[in-house]
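Colleague: I am new to this one. Please take me through some of the labels and the values behind them.

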Amino acid sequence: MPARADSSRDLISEDGALDRATWVVQRVAWAVAAVLLAAALAGLLGRGPLGGRAVTSADGSISVEYDRYFRADAVSDVRVTRLDPVGENTTSPVTLYLRGDGLIHSLQSAFLAPSPIASRAVGDAVELDFAPGTRPSPTVPLLLRLKVEDPRVATLLFSSSPDFAPASTAEVNLVVYP
Amino acid sequence: MDAVIKAAFIYLFLLVVFRLAGRRSLSEMTTFDLLLLLIVSETTQQAMVGDDHSVTRAVVLIVTFVMIDVGLSLLKQRSDTLEKFMEGTPVVLVENGRPIKRTMDKERVGEEDILEVARVTRGVMSLDQIKFAVLERSGKISIITAKSVNTGETS
């Protein structure tokens with residue numbers, strides 16, 4: 001009895017066209033959400049297999065492991081290794097130089113292990129001195145816990161030379177999500 | 001990645017816990033039930049969020065919960081077994097005015113609970129007037145009176 005069915009639908013103010021449009025939008029939204037989930041699982045929205053990066057300076061003196069995708073106000077770990085170039089005196093103190101896009105000032109850093117014996121701010125760079133026995137090495141890398149406060153695309157430079165010579169500098173590119 | 005995994009684990013854990021707790025545990029909420037719910041939500045929130053208060057993490061967590069919910073609802077629609085396992089089945093508590101004590105004890109429903117629902121929803125004062133009382137999957141009790149069976153009326 002189509003007439004009766006129509007009147008029932010009128011009674012509850014059913015709007016078939018709107019319902020069908022809503023179902024389509026819902027399924028499109030599910031697809032978008034599934035893509036978002038896949039991206040999150042892959043590490044494109046934070047920590048994960050596709051987000052991990054490792055860079056080494058051209059002369060091999062500095063090596064950095066990090067997650068490319070940061071989140072604002074969340075702590076992320078960066079592991080820095082100061083490698084020993086052939087012929088370098090491993091008993092002398094070692095200095096690491098950090099610089100980046102005004103980012104240093106918005107970084108909240110905690111140096112876990114090994115601890116630097118001194119740190120200085122020089123312009124927009126930071127210098128970290130390590131005692132001979134506690135230099136960041138492949139077995140004990142310097143663990144920086146970085147917290148960037150604002151969303152941005154940024155570059156951090158880790159160098160073994162004070163003038164950030166390209167050959168001795170490892171460039172870390174970060175995307176900081178809100 | 002860890003946000004998705006944590007959220008999925010918490011979702012499945014809560015699903016199991018509240019299924020094991022039984023369906024009437026939160027369906028009629030007392031003040032203490034509300035407090036319990038708040039404590040559960042606060043505890044799980046801390047486990048999932050940690051010290052990452054970013055918008056991205058919140059979005060990932062919410063999308064994970066919603067997508068698991070949508071995914072399970074689609075699976076339940078296709079599998080009766082899964083639906084029964086997750087939602088349970090309706091249970092008859094009173095049949096032809098006679099309370100089924102064993103079922104009521106197992107489901108932790110008292111005669112007074114049934115009579116209260118009968119009074120509120122059907123204006124019925126005694127068990128004699130109840131044809132069926134059914135504990136639904138939602139945890140709510142539905143009352144079918146002899147009169148409604150005769151007239152085809154449903155509540």
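This is a predicted model: local features need pLDDT of at least 70, side-chain atom pairs count only at pLDDT 80 or more; totals for chains, interfaces and linings use all residues.

Colleague: Why is helix 1 of chain B called roughly antiparallel to helix 3 of chain B?

Modeller: The axes of helix 1 (residues 2-21) and helix 3 (residues 31-49) of chain B cross at roughly 155 degrees and come within 9 Å. Angles over 145 degrees count as roughly antiparallel, under 35 as roughly parallel, 65 to 115 as roughly perpendicular and the rest as oblique. So helix 1 of chain B is roughly antiparallel to helix 3 of chain B.

Colleague: Which residues meet between helix 1 and helix 3 of chain B?

Modeller: B:Lys6, B:Ala7 and B:Ile10 in helix 1 meet B:Thr44, B:Ala47 and B:Met48 in helix 3. Contact needs C-beta atoms, placed from the backbone, within 7 Å. By class, this contact has four nonpolar, one polar and one charged residues.

Colleague: What makes A:Thr95 count as partly exposed?

Modeller: A:Thr95 has 18 C-beta neighbours inside 10 Å. Buried takes 20 or more other C-beta atoms within 10 Å, exposed 12 or fewer, and partly exposed lies in between. Therefore A:Thr95 counts as partly exposed. This residue is in strand 5 (residues 94-99) of chain A.

Notes: Residues are numbered from 1 along each chain as its sequence is written. Chains are lettered from A and ligands numbered from 1 in the order in which they are written. Axes are lines fitted to C-alpha atoms, for helices over the stretch in contact, and angles run from 0 to 180 degrees between N-to-C directions. Helices (H or I, at least four residues) and strands (E, at least two) are DSSP runs, numbered from the N terminus. Two residues are in contact if their C-beta atoms, placed from the backbone, lie within 7 Å. Ala, Val, Leu, Ile, Met, Phe, Trp, Tyr, Cys and Pro count as nonpolar, Asp, Glu, Lys and Arg as charged, and the others, Gly among them, as polar.
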